2 protein chains.
Amino acid sequence: MHGTSKRPRRAPTPEERKQCPERSRRLLLEAAMDEFSEKGFAGARVQDIADRAGLNKQLITYYFGGKEGLYRELGREWLRREATFNDPAAPFEELLIRYLREAFDDPRGIRLAVWQALTGEVGDEPREDLSDMRRRQAAGELADDLDPAAVLLMCYAVVSAPATMPHAVRQIFGIEPDSPEFRGRWEEQLRRIVRHLAA
Amino acid sequence: MHGTSKRPRRAPTPEERKQCPERSRRLLLEAAMDEFSEKGFAGARVQDIADRAGLNKQLITYYFGGKEGLYRELGREWLRREATFNDPAAPFEELLIRYLREAFDDPRGIRLAVWQALTGEVGDEPREDLSDMRRRQAAGELADDLDPAAVLLMCYAVVSAPATMPHAVRQIFGIEPDSPEFRGRWEEQLRRIVRHLAA
DNA sequence: CATGCTCTCATCTATTTGTTTGACAATTTC
DNA sequence: GAAATTGTCAAACAAATAGATGAGAGCATG
């Protein structure tokens, strides 16, 4: 089922792989992102993470203090990453689409976030800044009768939807949520929807 | 942490509780709905389910053939329930709000569905019927440039949002997702949004 | 009241799983 | 280049957990 059937690690360090803690850390984080985003914290197995990284599972304890430590570190990293997303210059529609594409290209972050939300884990993310949305509203990018906060939440919801409710996509559209067809269709429709919200 | 510290079940059948398989089944299903919707399949513990139901955990095997059987039965039940939701007569806005209130009153179904989606479980739900949406569009309830399928998916997304991304609600609105304040505000905003989509 | 069946429970067991331990190799430091 | 530190691994360990076993109570039917 997994790539490595018996971990035959005969040639562990062909050349490149001498001993490199930074590399190991990175490999574990990547593998953990795969596993956790796929199965959630409770469903993920440290053995699988280690296998995926091609490393010994003990290293998870060594580097991150255990399964939970690794999970937390992953959350922190995601936060750092997401913080670089605001771009006040771009029009709202473009911002949404940019975010949507990111979500399509790598749904792991969103899946992880939803999993954290479902398990009720409380991250200490700061209060979202709405001044930008209000500015856009004043500039006519958003209808006056709408609450910027609500529109923002709606955007989160529709961007995450393909990842959080793939079954609904299949049910409604009859195509795969990760197919180019759906990608294009959803993107175009979201564009139109936000245009409707501007009028 | 749990209600029964040591399960002191001294008076097991005070009066009402003689021996009633139907009651036991129902209790287990209810408890399972709580646990699974809260922690997902992998995170839920049969012991906790049994405790919550005030019954012995072996009964889960007895009635449902094990943890997984119980989980499946829950999914089936939810499908049966959701099938009774269509109401072609009501205006679209009211339909959405009705669904939203249901979700607020008991988010367990939605949480369960999202969990199933995240774990990649494939239910065999039939293809969604869009003819109703198309009729509404023709009747002017929905702008012509919008894809009925996309609007439907958006509705699912925004209705589920408070349950699937409570952290976002706190972050953006600064209030609790299940507070009456948020309920009212979100409902009102969704009304306005769908009105924008009709124009 | 006996008998068979259904329902319930406490205990045990096998397995899974995250972590610990101790050995050893690689790398750095002096 | 020797010693100490760091990185890696395999095997053992301990906790948790789902399911199995067998005993026994409730309830019907003769």
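Predicted model: local features only at pLDDT ≥ 70, side-chain atom pairs only at ≥ 80, totals over all residues.
Chain A contains 10 helices and 0 strands. Read from the N terminus, its elements follow the order α-α-α-α-α-α-α-α-α-α. The C-alpha trace of chain A spans about 65 × 40 × 35 Å along its principal axes.

Two domains are assigned in chain A: domain 1 covers residues 21-78, and domain 2 covers 86-120 + 128-198. The centres of domain 1 and domain 2 of chain A, taken over C-alpha atoms, are separated by 29 Å. Domain 1 of chain A contributes 9 residues to the contact between them, and domain 2 of chain A contributes 7 residues. On the side of domain 1 that touches domain 2 in chain A, the elements giving two or more residues are H1 and helix H4 (67-82). H1(A) provides the largest share of that side, 6 residues. By class, this side of domain 1 of chain A has 5 nonpolar, 3 polar and 1 charged residues.

Chain A is superposed on chain B by a rotation of 180° with 0.0 Å of shift along the axis, at an RMSD of 0.2 Å. The two copies are therefore related as by a two-fold rotation axis. Of the interface residues of chain A, 100% are also interface residues in chain B, so the copies meet through the same surface.

The contact between the chains takes 45 residues from chain A and 45 residues from chain B. On the side of chain A that touches chain B, two or more residues are given by each of helix H1 (21-43), helix H6 (108-118), helix H8 (148-164), H9 and helix H10 (180-198) of chain A. H8(A) supplies the largest share of this side, 10 residues. The side of chain A that touches chain B comprises 26 nonpolar, 10 polar and 9 charged residues.

In one of them, helix H9 (residues 166-173) of chain A meets helix H8 (residues 148-164) of chain B; their axes come within 10 Å and cross at roughly 155°. Because angles over 145 degrees count as roughly antiparallel, H9(A) is roughly antiparallel to H8(B). The crossing of H9(A) past H8(B) is right-handed. From H9(A), the contact is made by A:Ala168, A:Val169, A:Ile172 and A:Phe173, and from H8(B) by B:Ala149, B:Leu152, B:Leu153 and B:Tyr156. The residues of this contact of H9(A) with H8(B) comprise 8 nonpolar, no polar and no charged.

The other pair joins H1(A) and helix H1 (residues 21-43) of chain B, whose axes come within 8 Å and cross at roughly 100°. This angle makes H1(A) roughly perpendicular to H1(B). The contact involves A:Gly40, A:Ala42 and A:Gly43 of H1(A), together with B:Gly40, B:Ala42 and B:Gly43 of H1(B). By class, the contact of H1(A) with H1(B) has 2 nonpolar, 4 polar and no charged residues.

Key: Residues numbered from 1 in each chain as written. Chains lettered and ligands numbered in written order. Least-squares fit on C-alpha atoms with pLDDT ≥ 70 in both. Contact = placed C-beta atoms within 7 Å. Axes fitted to C-alpha atoms, helices over the stretch in contact; angles between N-to-C directions. Helix = DSSP H or I, 4+ residues; strand = E, 2+ residues; numbered from the N terminus. Parallel < 35°, antiparallel > 145°, perpendicular 65-115°, else oblique. Left-handed = near helix turned anticlockwise from the far one by under 90°. Nonpolar A, V, L, I, M, F, W, Y, C, P; charged D, E, K, R; others polar. Domains from an automatic or database assignment.
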